[in-house]
Amino acid sequence: MAHHLRPQTSMPQTTIYVSPRSLGAPDSRPPAVVTTDLARLFAGSPALAGVSLQIQAGLTVALLGPNGAGKTTLLRLLATAIRPSYGRAEVDGLDVDREAHLVRSRVAYLSHATGLYDDLTARENLQFAAAMLATPDAAERVERALADVGLTDRAADRVRDFSAGMRRRLALGRILLGNASLVLLDEPYAALDADGLGLVDQLLAAWREVGVTVLVASHAADRLHALVDGGVVLDRGLVAGVEGRGVTSVPPNLPAERRPSPTRVAS
Amino acid sequence: MSALRGEARVALAICRKDALAELRGRHATVSTLFFAAVVLLLFGFALGPDSARLAAAAPGLLWLAVVFAGILAMGRLHLLETDDGALEQLALYPVARRAIYAGKALAGFVAMLLLALLVLGAVGVLFAVDVASAWAPLLATTVLGALGVAAVGTFYAGVTVRLRAREVMLPLLMLPVLAPLLLGAVKATSVALAGDPFGELGAWLQLMLAFDVVMTVAGAATYGFLLED
C-alpha cells in the first residue's frame, strides 16, 4: 500500500508519494543505476560511446556537459525510450532492454517534449496519466498534483492554450502521479519563469528528502549545485568526470571502431 | 483475471481519451464525413441517373465510401499521438502493449461504426434503397465491417504515424489488406438487401468475422513492436 511523505523542508505544499516497493529499506537497496559500456549509435555515429556508471539509490545527481555530450541519450536509454546499441544498463537491478516493461513502472521521465494532448484539459491530461499509471486515489492525487505545480486555476483549460512553461509544469505534475523510484529530468528548468524555477528546486529537494533517486540533465550547473549529491560530466558520449559519494565510473574498454572522434559524434 | 481487468481499464482510458480529443478538436469527424459524402455523390454522378443501376451498385458504393473515409479517419485518430511527444509518452507507461492497441482499435471501431451507419443511411436516401427492411443483417454487416477496418487501420496507422508520407502510405498499405473484408461486406450487403434468397448471408458474415478475428489478434500481438525504438 502506498503512503506519502511530507519532506521536512520549506516547501510544505509539495507531497511526494512513495511506495515500500519502490524504495525499500535503505541498506537493502541495490544501486539505482548501473551502466556497463553503454553505447547508443544514431546512423553509425555514437551519441553515447561507452558509459560505465554506478549511482547509489536515493541520490540526486546532476548530469552535465555541453550540447551533444550524450545527456539526453543516457536519460532516454534509462527511461526505455530507446534501446542500447552496445553494453547494458540496469535500473534497480532490472535490465532496461530485456526487462523494459518492469523498468517502466519504476521510472518517471520528463523529456524535452511534454507528451501532453493539446485537445484535453490539464485535468484530463493528468486523469489519463493516472489511469495509465494505475494511480490509487486518482482523483485526489490529480487535484494535488495540479495544486503542487500551480495549475489549479487552469485545470479546466485546454493544454493547446498553455504557454511552454505551463506545459512544462503540467508534465512535472504527471511525474507526481506515479510511485517512481528513479526520476529522470531532461532540462527541467527550460521555459520556466521564476516561480517555475523555484518549483523545480522544491521538487528536487522533496525527492531527495524522501530518498527517490533523481538524475537531472541541465546546463544550470550553478543552480543545481546546492540541490544535488553529486554529478556526472559527459563529453562526446563518454564520462569526463564524476563527483560525489555514491557516484562512480570506470573508463570504458572500447574497441577502436566505437571510440568517438569529433567528426563522428552525433549532435 | 486482474491483469485482464487492468488491460481493459487501460484500453477504455485510451478510448475515452481519443473520444474526448476528437469531440474537442474534430480532427477526423468533419473531414471524414465530408469525404464520404463526396465519394458517394461522385460515384453516383459517374453511374448516371438510372435508379435501378444506382440501387444495384449501392452495396459497392456504400463500402467504398466507408473504406475510403475510414482510412482517413484512422489516420486522423492516430495523428493526435503526434502532439508534442505524446506517442513516446504513451509507450513509456507501464502498461501492456496489446492494451494500447485495444484502446486505439476500440476508439477506431466506435468511429467506424458511426461513420458506416451514417453512410448506410445516406445510401438509403440517395440511391432509394430500402435499408430499413433488412436492418438486422445490415447492422451485423456494418458492425463486422467497422471492426475489420478499425483492426487493420489501427495497426497500419501505427506503422505510418511517424512517417512524413503517412497520408500516402496509409491507403497504399491498408487497401490491399482490406480487399477480402470489402468483398465480404459488399456481398453480405447485397444478399441482405435482396432478402438472402439463397441463404448465403451467413457464409459472408463468417468470412468477415474470421477476417476480424485474425486481424485483431495479429494487430494486438505486433502493435508493441511499432512503439519500440
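How many residues of chain A are in contact with chain B, and how many of chain B with chain A?

**View 1. The contact between chain A and chain B in the predicted model.** In this predicted model, 25 residues of chain A are in contact with 21 residues of chain B. On the side of chain A that touches chain B, helix 4 (residues 122-133) of chain A gives the most, with 5 residues, and by class this side has 13 nonpolar, 6 polar and 6 charged residues.

**View 2. The largest nonpolar core and the surroundings of Leu184(A).** The largest nonpolar core has 159 residues, and Leu184(A) is listed with Val61(A), Leu63(A), Leu78(A), Val107(A) and Val183(A) as having the most contacts inside it. The element that gives the most to this core is helix 5 (residues 97-126) of chain B, with 15 residues. Beyond its neighbours within four places in sequence, Leu184(A) is in contact with Leu75(A), Leu78(A), Ala79(A), Val107(A), Tyr109(A), Leu110(A) and Leu215(A).

**View 3. The crossing of helix 3 and helix 5 of chain B.** The axes of helix 3 (residues 51-79) of chain B and helix 5 of chain B come within 9 Å and cross at roughly 150°, and the crossing is right-handed. By class, the contact of these two helices has 17 nonpolar, 2 polar and no charged residues. Among the residues that meet are Ala65(B), Gly70(B) and Met74(B) in helix 3 of chain B, and Gly108(B), Met112(B) and Leu115(B) in helix 5 of chain B.

**View 4. Helix 6 of chain B.** Helix 6 (residues 135-160) of chain B reaches 36 Å from its first C-alpha to its last, close to the 38 Å expected at 1.5 Å a residue. This helix is mostly covered, with 19 of its 26 residues buried.

Terms used:
Residues are numbered from 1 along each chain as its sequence is written. Chains are lettered from A and ligands numbered from 1 in the order in which they are written. This is a predicted model: local features need pLDDT of at least 70, side-chain atom pairs count only at pLDDT 80 or more; totals for chains, interfaces and linings use all residues. Helices (H or I, at least four residues) and strands (E, at least two) are DSSP runs, numbered from the N terminus. The expected span of a helix is 1.5 Å times one less than its number of residues. A residue is buried if 20 or more other C-beta atoms lie within 10 Å of its own, exposed if 12 or fewer, and partly exposed in between; C-beta atoms are placed from the backbone. A nonpolar core is a set of buried Ala, Val, Leu, Ile, Met, Phe, Trp, Tyr and Cys residues joined through C-beta atoms within 7 Å. Two residues are in contact if their C-beta atoms, placed from the backbone, lie within 7 Å. Axes are lines fitted to C-alpha atoms, for helices over the stretch in contact, and angles run from 0 to 180 degrees between N-to-C directions. A crossing is left-handed if the near helix is turned anticlockwise from the far one by less than a right angle, and right-handed if clockwise. Ala, Val, Leu, Ile, Met, Phe, Trp, Tyr, Cys and Pro count as nonpolar, Asp, Glu, Lys and Arg as charged, and the others, Gly among them, as polar.
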